[in-house]
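Please look over the sequence and the coordinates below before turning to the report.

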Amino acid sequence: MPLSSRSDFFHYSTTLSYEKQPMISAVMKHFGFLILFVSKLASAAPSPLSWDEIRSIARERNASLSAAVKTVEASQKGVKAKFGEFLPKFSLNADQSHSTTEISSLKKTTTDLRLGATASWNLFNGFSSLSSWTKAKANAAESSANLDLTSASLRRDLRLAFFRIAVLQDKIRLLEKDLKRVQQNAKLVELKYNSGSEARWNLRTTKAEVARAESDLANSKVQLLAAREALASLLELEDLPDRPVSAPDPSALQIQKLETDSASHPQVLKDRYAAAAAREDIRLARSGYFPSLDLSLSRNFTDARPDGAAASKTNVNAIALAATWNLFNGSIDHFKLQQAGLLHEAAELSAARTIRKVTSTIRSREADLNNALAKLPANRAIREAAEEREKTVSEQYRSGLKSYLDWEQAESSLLNAEQLEINSINDVFNAFAELELAQ
């Protein structure tokens with residue numbers, strides 16, 4: 001009776017007639033309970049560590065990303081602080097003094113109370129307030145672009161670490177299969193050697209192959225531990241959760257046709273915002289050539305109470321319009337303006353160079369990915385051919401039609417082809433991560 005699933009098997013084993021087949025029924029019943037228990041254990045096993053979970057942990061714990069976020073928040077506060085330069089300033093003052101004057105034998109004590117309020121407003125200072133505010137906005141936009149770059153760089157590093165773990169997991173499964181295969185081969189060659197139909201050096205070669213397979217497997221496990229440590233470091237974790245990572249997104253194995261505008265690239269935007277901030281530095285330097293105009297309104301109240309005399313109260317209201325103009329300050333403003341102009345030109349040139357560099361990098365990374373994808377079908381076909389050859393040569397060896405040397409070469413070719421395919425997939429994943437960063 002064909003069994004389509006474990007539940008079918010359990011149902012079949014528990015519905016056997018215990019009276020007609022007591023031994024079989026009892027064994028199958030207990031075996032069915034064992035299958036059910038194993039299936040429950042399998043269902044209770046932890047799920048693989050997914051890419052979405054990795055991203056979530058990184059957003060919460062990565063120090064570089066958190067620092068970039070704090071920088072953006074701080075720069076936004078700076079914009080609000082610069083906006084305060086457009087608003088009037090208001091201050092209050094109050095003081096009380098007690099003085100004693102002694103002339104010859106006469107003493108005079110006076111108590112004075114002073115209250116005042118002053119409001120001032122800068123009407124014009126060579127547009128420096130506007131330039132400061134505009135520069136603060138450019139700095140905030142630059143920090144936002146830098147956050148995007150930090151996020152993209154972290155994403156690339158996480159991708160590479162995640163892909164490496166996934167590839168090493170596949171490689172370990174391959175090497176475990178290879179180890180099992182060479183162990184079986186060694187047993188077969190030993191049987192043939194004991195029967196006198198195989199050379200001694202072939203027996204020693206198979207034992208060496210077993211040692212090689214064990215060494216390769218142990219080395220790959222060490223590499224996997226190192227890769228998990230690298231991913232844990234990126235996530236700011238002491239140890240990575242004791243779970244394998246899930247298989248990477250299959251979309252990484254497809255040719256990417258993403259249209260990317262270099263002008264909107266975060267690195268380009270960062271350099272352009274830096275150039276915009278440098279342009280405001282020119283205006284700030286030029287403001288030194290203009291006068292400063294301030295309007296102020298003040299009100300002061302004084303209450304003087306001398307001993308033995310009548311108290312006096314004074315109210316003073318004043319409105320003042322003050323203009324200051326620095327006619328010469330040792331050419332400081334002149335050289336500051338020249339310096340700001342040169343720095344702005346340098347920033348503009350850097351932004352133009354970044355556009356060309358970003359465009360070139362994207363094209364190069366696209367070519368790398370397409371090249372890696374183009375190699376993948378060929379390497380897969382090589383692996384499939386090697387599997388067919390190994391299967392055929394193995395059967396011929398067991399039938400005495402092929403020598404051990406032929407069989408060993410077929411086994412070696414298959415292992416090389418399997419590792420070549422895994423390395424090819426790894427190259428695709430790495431190229432995908434680099435293209436994602438470039439874009």
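Predicted model: local features only at pLDDT ≥ 70, side-chain atom pairs only at ≥ 80, totals over all residues.

Residues are numbered from 1 along each chain as its sequence is written, and side-chain values use heavy atoms, with hydrogens and water left out.

**Whole chain**

The secondary structure of the protein chain comprises nine helices and four strands, where helices (H or I, at least four residues) and strands (E, at least two) are DSSP runs numbered from the N terminus. Along the sequence these elements follow the pattern α-α-α-α-β-β-α-α-α-β-β-α-α. Of the 439 residues, 32% are buried, a term that means under 20% relative accessible area with a 1.4 Å probe, protein chains only. Among contacts (heavy atoms within 4.5 Å) with a separation of 6 or more, 78% come from residues 24 or more positions apart. The chain exposes about 26,900 Å², of which carbon and sulfur atoms supply 57%; these areas come from the Shrake-Rupley method with a 1.4 Å probe.

**Two helix pairs**

Two packed helices are described by the angle between their axes and the distance between the axes. Here the axes are lines fitted to C-alpha atoms over the stretch in contact, and angles run from 0 to 180 degrees between N-to-C directions.

| Pair | Axis distance | Angle |
|---|---|---|
| α8 (residues 332–398) and α9 (residues 404–438) | within 7 Å | roughly 160 degrees |
| α6 (residues 200–234) and α9 | 11 Å | about 15 degrees |

The second pair is therefore roughly parallel, α6 to α9, the cut-off for that term being an angle under 35 degrees, with over 145 counting as roughly antiparallel. Residues N202, T205, T206, E209 and R212 of α6 meet Y404, E408 and L415 of α9, and the residues of this contact divide into two nonpolar, three polar and three charged.

For the other pair, α8 and α9 are therefore roughly antiparallel to each other. The residues of the contact of α8 with α9 divide into 21 nonpolar, six polar and 16 charged.

**Ser129**

Where does S129 lie? S129 is part of helix α5 (residues 128–194), and its relative accessible area of 10% makes S129 buried. S129 touches E85 and F86, leaving aside residues up to four places away in sequence. The C-alpha atoms of S129 and G84 are separated by 9.1 Å, although the two residues are 45 residues apart along the chain.

How values were computed. Parallel < 35°, antiparallel > 145°, perpendicular 65-115°, else oblique. Nonpolar A, V, L, I, M, F, W, Y, C, P; charged D, E, K, R; others polar. Buried < 20%, exposed > 50% of the residue type's maximum accessible area, 1.4 Å probe, protein only.
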